[in-house]
Amino acid sequence: MHKSDYRCLTQVKTSLAIKPVTLSDLVRANKLMWTYSRDCYRECDLDPASILLPSDYSVSLVGTRMHCTRCGSRKIKIEMTPELHPSGIVAMRSR
Ligand SMILES: [Zn+2]
């Protein structure tokens, strides 16, 4: 008999006031990062699991490690607020 060992997603209990939000926090919470180029206004939803940075990397610092694929700007704004739409802000707006 094969018993599947699946787990339901549970709410991430993070104290945002104490500890910075990390990439792994977003992955656990199943959130996307909304990124925004201050120079060309391109916005993009990124899967935090696809970012090639340590999982304990602070999300607020991720923007300093990225650049815009369209204009090359390093002025990237990243939002990771809890109210982000699970499938991404861009997908939500295109409806
Ligand atoms: Zn840009």
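How many bridges join strand E1 to E2, and do the two run parallel or antiparallel? In this predicted model, strand E1, which spans residues 33-37, is joined to E2 by four bridges, and the two strands run antiparallel. One of the residues involved is Met33, whose bridge partner in E2 is Leu46.

This pairing belongs to an open sheet of three strands, arranged in the order E2-E1-E3 with antiparallel pairing. Strand E2 (43-46) and strand E3 (76-79) stand at the edges and have a single partner strand each, so one side of each is left without a neighbour in the sheet. From one strand to the next, the twist averages 25°. In general, the strands of a sheet pair through backbone hydrogen bonds, in either a parallel or an antiparallel manner.

Taken as a whole, the secondary structure of the chain consists of three helices and three strands, which follow one another along the sequence in the pattern α-β-β-α-β-α.

Of the 95 residues of the chain, 14% count as buried. The largest nonpolar core is made up of seven residues, namely Val21, Leu23, Leu26, Leu32, Met33, Val59 and Val62, and the elements that give two or more residues to this core are helix H1 (23-29) and helix H2 (59-62). In soluble globular proteins, nonpolar side chains tend to be buried together.

How values were computed: Residues are numbered from 1 along each chain as its sequence is written. This is a predicted model: local features need pLDDT of at least 70, side-chain atom pairs count only at pLDDT 80 or more; totals for chains, interfaces and linings use all residues. A nonpolar core is a set of buried Ala, Val, Leu, Ile, Met, Phe, Trp, Tyr and Cys residues joined through C-beta atoms within 7 Å. A residue is buried if 20 or more other C-beta atoms lie within 10 Å of its own, exposed if 12 or fewer, and partly exposed in between; C-beta atoms are placed from the backbone. Two strands pair if DSSP finds at least two bridges between them. Axes are lines fitted to C-alpha atoms, for helices over the stretch in contact, and angles run from 0 to 180 degrees between N-to-C directions.
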